[in-house]
Protein chains: 2
Amino acid sequence: MEKYYQKIKNAPIFYGITDEELDRMLKCFRAYVKSYKSGDIIFRQGEIVSNIYLILDGEVSIEKDSYWGRRMIIQKLYPNNSIGLSLVGSKNVESNVNAVCNSDALVLIFNYEKCSTICHNACLHHNVLIRNLFKILSKENIQLVEKIDNISQKTIRDKLLTYLSNESLKSKTNIIEIPFNRQELADYLNIDRSAMSFELSKLKQEGLINYKKNKFVLKTNI
Amino acid sequence: MEKYYQKIKNAPIFYGITDEELDRMLKCFRAYVKSYKSGDIIFRQGEIVSNIYLILDGEVSIEKDSYWGRRMIIQKLYPNNSIGLSLVGSKNVESNVNAVCNSDALVLIFNYEKCSTICHNACLHHNVLIRNLFKILSKENIQLVEKIDNISQKTIRDKLLTYLSNESLKSKTNIIEIPFNRQELADYLNIDRSAMSFELSKLKQEGLINYKKNKFVLKTNI
DNA sequence: TTATTTTTGTTGTAAAAACAACAGAAATAT
DNA sequence: ATATTTCTGTTGTTTTTACAACAAAAATAA
């Protein structure tokens, strides 16, 4: 456990917390580290989630299975990101998504509720934590609205251009490395992969973008 | 100002706060009430928002204009709902949405930052408030994911059925009154109104649903 | 009440998407 | 190095959608 402290300290969720505090806090939260294999599912649609999961290593995607078996990728998460905040915050709500490991992963797990009922330092810890949770959730909220923006566009072309220019705006550069392969990007934008590939080719031909694998260059600021 | 206290007290954002506390708190936050006319815009895409807006009366919709001029409705908000939480939480972020009054509206406005820097009771107030903000944001988060679920469906039919059954699940009844007219529902689901009307007719003919104006009945539990 | 405006439903047509099937390229395993 | 698997791009066909134009119904104003 202690060997992960350095990693844990860097996570936004524990921002502003001193080393000693962190130590007490993790004990108080009954925190433990669990390792997952690629493909493992951290939690499923329909499960009630009362833990917070902090990714220490690996890649996790938040997905949803449609009634007809199509996969929808909501977002991808990486070390320092945490999962389950909104579920924990709303208490006893069934998860409406799956959290799936895309690679072997290392995850810090702790129970958000336990502390508030058992431990004396509850208030102290909670206040610091909740402040961080609020910040993280607000960012996530903005990201979700951005995703809605991306997938709300009418045509495949518009979805691609909106997605790429949004990414470009965020990174403040017109050279973008996306975390998706083609199939995953299609699942993220809710479009057909082959139709998307076709549209990407057209955009390249027209000189609007260039790309190789998952590296894209936006030629114009659309 | 005082005449609105009863309304203000009922809002989730001030849950668990006593009357005297509320009084001090609102002073501390420099809160004031502003009335808007139908069609007024509370804030626009691109503006930096540092206030929290609590709706006391009226209807406000969170919208986005696409590059091509299409309106996208993200969500509709009503008395007791608050606006701007995620923007305030992320600090100095440009709003990526418009907040538009759909009717004459009454809104409590307060500056979230001001308190933390000026007032002595900052911690006390903030801790209570942030706890509430966290809860509200987590609910909103779940709603946004649900919206993503609705609009991610492949066909117009699937979007309609998913939306209606999600609403049905939430209200735990198969009789639903939706807050949208046809054009607004189309803008919410990002589809063409006439194509949607046509699909609704088909669903009615097939006996899957029934409806009149904005009241819907789900015949089967799809 | 009647006139006017707004909302909703219907239809045909053109555009776009999904789907399927496959070929070539790239990555991985042997 | 070669074989095998995975990923990406291309094409034709079918399905679905958007769009436009209009009719019917409902709501609102005069």
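The structure described here is a predicted model.

An N or O atom in the side chain of K154(A) is 2.8 Å from a phosphate oxygen of DNA strand D. For R182(A), a polar side-chain atom likewise lies 2.8 Å from a phosphate oxygen of DNA strand D. A contact to a base comes from chain B: the side chain of S194(B) has an N or O atom 3.3 Å from a base nitrogen of DNA strand D. Of the elements, α8(A) gives the most, with five residues. Sorted by class, the surface near DNA strand D has five nonpolar, seven polar and five charged residues. On the DNA side, 64% of the atoms of DNA strand D within 4 Å of the protein belong to sugar or phosphate, and the rest belong to bases.

DNA strand C is surrounded by 18 residues, the closest being T155(A), I156(A), K154(B), R182(B) and S201(B). In chain A, a backbone N or O atom of I156(A) lies 2.4 Å from a phosphate oxygen of DNA strand C. At least two residues of the surface near DNA strand C come from each of α8 of chain A, α7 (182-189) of chain B and α8 of chain B. Here α8(B) gives the most, with five residues. This surface has five nonpolar, eight polar and five charged residues. Of the atoms of DNA strand C within 4 Å of the protein, 65% belong to sugar or phosphate, with the rest in bases.

The two protein chains also meet each other. In their contact, 41 residues of chain B touch 41 residues of chain A. Together the chains bury about 3900 Å², 66% of it on carbon and sulfur atoms. Two salt bridges are counted between chain B and chain A; D149(A) forms a salt bridge with K64(B), with the closest N and O atoms 3.7 Å apart. There are also 10 residue pairs in polar contact across the interface. On the side of chain B that touches chain A, β5 (71-77), α3 (85-90), α5 (122-152) and α6 (156-171) of chain B each supply at least two residues. The largest share, 21 residues, comes from α5(B). The residues of this side divide into 17 nonpolar, 13 polar and 11 charged.

How are the two chains related? A rotation of 180° with 0.0 Å of shift along its axis superposes chain B on chain A, with an RMSD of 0.0 Å. The two copies are therefore related as by a two-fold rotation axis. In chain B, F134(B) has the C-alpha nearest the axis, 2.5 Å from it. The same surface serves both copies, as 100% of the contact residues of chain B recur in chain A.

How values were computed
Residues are numbered from 1 along each chain as its sequence is written. Chains are lettered from A and ligands numbered from 1 in the order in which they are written. This is a predicted model: local features need pLDDT of at least 70, side-chain atom pairs count only at pLDDT 80 or more; totals for chains, interfaces and linings use all residues. Side-chain values use heavy atoms; hydrogens and water are left out. A residue is near a molecule or strand if one of its heavy atoms lies within 4 Å of it. A polar contact is a pair of N or O atoms within 3.5 Å; within protein, one must be able to donate a hydrogen and the other to accept it, and residues adjacent in sequence count only if both atoms are side-chain atoms. Helices (H or I, at least four residues) and strands (E, at least two) are DSSP runs, numbered from the N terminus. Ala, Val, Leu, Ile, Met, Phe, Trp, Tyr, Cys and Pro count as nonpolar, Asp, Glu, Lys and Arg as charged, and the others, Gly among them, as polar. Contact means heavy atoms within 4.5 Å. Buried area is the accessible area (1.4 Å probe) that two parts lose on being put together, summed over both. A salt bridge is a side-chain nitrogen of Lys or Arg within 4 Å of a carboxyl oxygen of Asp or Glu. Copies are superposed by least squares on the C-alpha atoms of residues with pLDDT of at least 70 in both.
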